[in-house]
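Q: I would like to learn how to read the features of a structure one at a time. Can we go through one together?

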Amino acid sequence: MIHKQKSGGVIFIYMLLFFFFNSCTSPEDHALKVPVSDSSAPIAPEKTGPQIYTVEIKDMKFQPAELYVRKGDTVIWVNRDMVTHCVTEEKTKAWTSSNMIANSSWKMVVENNADYFCAIHVVMKGKIILE
């Protein structure tokens, strides 16, 4: 049996279909599209409501030593040292955590700026600063 080669018309139709389907999309259609912000649109507000911050007590330091928060936010101190520490407001001793053994924590809702320290190890100091 003898096979005839495909005629030029069939090849032409295949080529036409190939170009048609490949021309339906452009390289831009496959690119990652990132929305462009309108500079006149309002900026979304930052997180609303009280936030929670953590201060670790480790290596005989409060980390971070300075913490910027808003009134009503909560600060949690976590003792990661092997020894007992406390967190005490420095000027008037208005508040204190009492003694915190290793791996314990204490939290407080912030109402004012405060300098604080560990009354057991007085060289350990920290600050809460209201924004």
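A: What follows takes the fold, the sheet pairing, the cysteines, the aromatic rings and the core in turn. The model is predicted.

Q: Which secondary structure elements does the protein chain have, and in what pattern along the sequence?
A: The protein chain has two helices and eight strands. Along the sequence the pattern is α-α-β-β-β-β-β-β-β-β.

Q: How much of the protein chain is buried?
A: Of its 131 residues, 22% count as buried. The accessible surface of the protein chain is about 10100 Å², and carbon and sulfur atoms hold 61% of that area. Among the contacts with a separation of 6 or more, 49% are between residues 24 or more positions apart.

Q: What is the strand order in the open sheet of four strands?
A: The order is β3-β8-β7-β5, and the pairing is mixed. The edge positions belong to β3 (66–69) and β5 (88–89); each has a single partner strand, so one side of each lacks a neighbour in the sheet.

Q: In which sense do β3 and β8 pair, parallel or antiparallel?
A: β3 pairs with β8 (residues 125–130) in the parallel sense, over four bridges. Within this pairing, Y68 stands opposite I129 in β8.

Q: Which pairings does β1 make?
A: β1 runs parallel to β4, and six bridges join these two strands. With β2 (residues 61–63), β1 pairs in the antiparallel sense over three bridges. I57 can be followed through both pairings: I57 stands opposite N79 in β4, and the bridge partner of I57 in β2 is F62.

Q: How many residues lie between β1 and β2 in their hairpin?
A: Two residues lie between them, and D59 in the turn has a positive phi of about 55°.

Q: How many disulfides does the structure hold?
A: The structure holds zero disulfides. For C86, the closest cysteine sulfur is that of C118, at 4.3 Å, which is too far for a bond. The cut-off used here is 2.5 Å between the sulfur atoms.

Q: Are C86 and C118 buried or exposed?
A: C86 is buried, with a relative accessible area of 4%. C118 is buried as well, with a relative accessible area of 0%.

Q: How many aromatic pairs does a search of the whole structure find?
A: The search finds six aromatic pairs. In one of them, the ring centres of W95 and W106 are 5.8 Å apart and the planes are at 25°, so the pair is stacked. W95 lies in the loop between β5 and β6 (105–109) while W106 is in β6, so this pair ties together parts 11 residues apart in sequence.

Q: How are the rings of W95 and Y116 arranged?
A: Their centres are 6.4 Å apart and their planes are at 45°, so this pair is tilted. Y116 is in strand β7 (residues 114–117) and W95 in the loop between β5 and β6, so the pair ties together parts 21 residues apart in sequence. Both residues are buried: W95 has a relative accessible area of 18%, and Y116 has one of 0%.

Q: Which residues do ring pairs link into a cluster?
A: The cluster consists of F62, W77, W95, W106 and Y116.

Q: What should I look for in a nonpolar core?
A: In soluble globular proteins, nonpolar side chains tend to be buried together. Here the largest nonpolar core has 18 residues, and those with the most contacts inside it are F62, W77, V87, Y116 and I128. The elements giving two or more residues to this core are β1 (52–58), β3, β4 (74–79) and β7.

Q: What does V87 touch, not counting residues up to four places away in sequence?
A: V87 touches I57, F62, W77, W95, T96, S97, M100, W106, Y116 and F117. Among these are F62, W77, W95, W106 and Y116, which ring pairs link into the cluster described above.

Definitions and conventions: Residues numbered from 1 in each chain as written. Predicted model: local features only at pLDDT ≥ 70, side-chain atom pairs only at ≥ 80, totals over all residues. Heavy atoms only, no water. Buried < 20%, exposed > 50% of the residue type's maximum accessible area, 1.4 Å probe, protein only. Contact = heavy atoms within 4.5 Å. Areas by Shrake-Rupley, 256 points an atom, 1.4 Å probe, with all protein chains shown as cover. Pairing = 2+ DSSP bridges. Phe/Tyr/Trp six-rings, centres within 6.5 Å; stacked < 30°, edge-to-face > 60°. Core = buried A, V, L, I, M, F, W, Y, C linked by side-chain atoms within 4.5 Å.
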